Amino acid sequence: MNRFIAAVTAAVVATGAAYAEGITEQDLANDQADTSRVLTNGMGRHLQRYSPLETLNKDNVENLVPAWAFSLGGEKQRGQETQPLIYDGIMYITGSYSRVYAIDVETGKEIWQYDARLPEGILPCCDVINRGGAIYGDKFYFGTLDARIVALDLKTGDVVWRKKIDDYKAGYSYTAAPLIVNGLVVTGNSGGEFGIVGAVEARDAETGELVWKRPVIEGHMGELNGEPSTMTGTLNATWPGDMWKTGGGATWLGGSYDARTDTLIFGTGNPAPWNSHLRGAGEPSDDGMGDNLYAASRLGIDPATGEIKWHFQTTPREGWDFDGVNEVVAYEDREGNQRLATADRNGFFYVLDAADGGFVGATPFVEQISWASGIDENGRPIFVEENRPGDPAEAADGKKGETVFAVPGFLGGKNWMPMAYSQRTGNFYVPANEWGMDIWNEPITYKKGAAYLGSGFTIKPLFEDHIGAIKAIDPDTMEIKWTYKNDAPLWGGVMTTAGGLVFFGTPEGEFIALDDETGEKLWSFQTGSGIVGQPITWEQNGEQYVSVISGWGGAVPLWGGEVAKKVNYLNQGGMLWTFRLPKQYAAN
């Protein structure tokens, strides 16, 4: 058994609300090892997105063929970013506008559908997408665009309970897949562009009752079992005045769980507003004022209490919308050290120590980074001060600060789309984008439910021949082993397999398999719409299957500036494609 799987399995204690029937904590812990189903977002709560299946491999992937396709139907197309889950012969997916589908995994026939009743006036920042659900016991859990968490009966789709995360009228929403740990449903929140306060909260999976809540911005009080617990950080240690009250830091991508250390790991979004000069971040400070904790950070959280164990801030003094939410993947390096890895929106790939989040190393994974010249020995950026957007207060008219051209653009060297780790090669496979932006600051004041940016921007491509790129990164040497270039920006997830394959999709509609050692394209299939979803693989009736959802959308067409114009010909869609390797090719 792989050392990582063995360590995780040994660390799991089946506490919490484990049911006599249905999915247990032990099942979730062993998700990667059981190849007959997919129970968790990330194909394991460590988010490695790696399958030990090798029936499908480099030699026979050319024989992969469609098995069935399922249309989400209706006029609610938009972006489809879900990752399917599979349990007891049923595939579960979420769709745009907070929908859920249960599908017969052998035939592709719909079993049931649930449509959330969304109110007027929801304020989704970056399309009406949903990134998937969670399953535990006899329930399916997912979040809605009006900032609620819903539990459905796995067999019928009936609502078991529905709970409010926060006020959608203030800009809160929820789009990530929930995380289940020891009978708790753990969620974040969305809405960082509206001056909300990021938080992580845990609910009893059976009843939906809140167990704990941890705001991630300094100065706010946590909650445990219905009572105030502890303050997050120290009031006004890194935030001036009352700015912390609307400090942003949305935890909008969800988190991972490292069973080796019993730690939830959540990323936090940009501080609000974007105009860093208003937050005291425009000038260097020896006392930490302007770092604006715990925005643009990764947090290690105790799953039992919600207390913060450790933090690592990827972009202190943040001023470019470099959210720190990107997934943190737990793995073992080649020497057996327990590590964490994350590819940040700011363009740097980081390795951290799993025990305490301590800095191990970092390297740029995109080109021409302009806001920092590198990362120092403590993991802190070496800022290029002249490439920070200017202070509007210093402008002659007081309305627009100096414009700078910053790389990466605010959509990031890597945005939400998850990378994958291969236990076969020991490398990470990162979906990256090469672009920059003109950005400037403007005066802004907070108003409930209104955008709270204080900045303007225009994204621009850097190169003629590509924007998107899959980067194979060795986390031990920090070397980029190979790069696969794509004309349009990449916006979907990556999966690796023991068969030596790297799967991902493109906005142009291609679903692709690459050689994990060379980056050579080995197979592709045209799905008819842009792919911004997350692939999975499993075995069924002696055959290996692969699924991915196709449906163009997400933030790029809404926020992409010149880049959006480059891809405005792409068609929307909503089709779940499932492929299989016929048995006669399995031995080849």
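Which residues of strand 19 point one way, and which the other way? The model is predicted, and in it Ser297, Leu299 and Ile301 point one way from strand 19, while Arg298 and Gly300 point the other way, all of them being buried. Because five of the five residues of strand 19 are buried, this strand is largely enclosed by the rest of the structure.

**Strand 19 and its partners**

Strand 18 and strand 19 run antiparallel and are joined by four bridges, with Leu264 having Ile301 of strand 19 as its bridge partner. Strand 19 also pairs in the antiparallel sense with strand 20 (residues 308-313), here over five bridges, and in that pairing Arg298 stands opposite Phe312 of strand 20. The hairpin of strand 19 and strand 20 has six residues between the strands, and Gly306 in this hairpin takes a positive phi near 80°.

**Backbone features in the loops**

The loop between strand 18 (263-267) and strand 19 (297-301) holds Pro273, which is joined to Ala272 by a cis peptide bond. A cis peptide bond also joins Val407 and Pro408, and Pro408 has its place in the loop between strand 27 (404-406) and strand 28 (420-421). The omega values of these two bonds are set out below.

| Cis peptide bond | Omega |
|---|---|
| Ala272 and Pro273 | about -5° |
| Val407 and Pro408 | about 0° |

Positive phi values also occur in residues other than glycine: Asn182 has a phi near 50° and is found in the loop between strand 11 (179-181) and strand 12 (184-187). Gln368, likewise not a glycine, has a positive phi of about 65°, and its place is in the loop between strand 24 (359-364) and strand 25 (372-375). With a relative accessibility of 47%, Gln368 counts as partly exposed.

Five strands, in the order 1-34-35-36-37, form an open sheet with mixed pairing. Strand 1 (50-51) and strand 37 (521-526) stand at the edges with a single partner strand each, so one side of each is left without a neighbour in the sheet. Within this sheet, strand 35 (residues 501-505) pairs with strand 36 (residues 510-515) in the antiparallel sense over five bridges, and Ile512 in strand 36 is the bridge partner of Phe504.

**Aromatic rings and charges**

The count of aromatic pairs comes to 35, and one aromatic cluster is formed by Phe503, Phe511, Trp523, Phe525, Trp577 and Phe579. Two tryptophan rings have a charged side chain placed over them: the charged end of Arg131 sits over the ring of Trp416, 4.8 Å from its centre, and Lys400 lies over the face of Trp440, at 4.3 Å from the ring centre.

**Met575 and its surroundings**

Which residues does Met575 touch, leaving aside those up to four places away in sequence? Met575, which is found in strand 40 (residues 575-580), touches Ala69, Phe70, Ser71, Val548, Ile549 and Ser550 on that basis. Met575 and Leu72 are 503 residues apart in sequence, whereas their C-alpha atoms are 6.1 Å apart in space. With a relative accessible area of 28%, Met575 is partly exposed.

Note on methods: Residues numbered from 1 in each chain as written. Predicted model: local features only at pLDDT ≥ 70, side-chain atom pairs only at ≥ 80, totals over all residues. Heavy atoms only, no water. Phe/Tyr/Trp six-rings, centres within 6.5 Å; stacked < 30°, edge-to-face > 60°. Lys NZ or Arg CZ within 6 Å of the ring centre and 35° of its normal. Pairing = 2+ DSSP bridges. Helix = DSSP H or I, 4+ residues; strand = E, 2+ residues; numbered from the N terminus. Buried < 20%, exposed > 50% of the residue type's maximum accessible area, 1.4 Å probe, protein only. Contact = heavy atoms within 4.5 Å.
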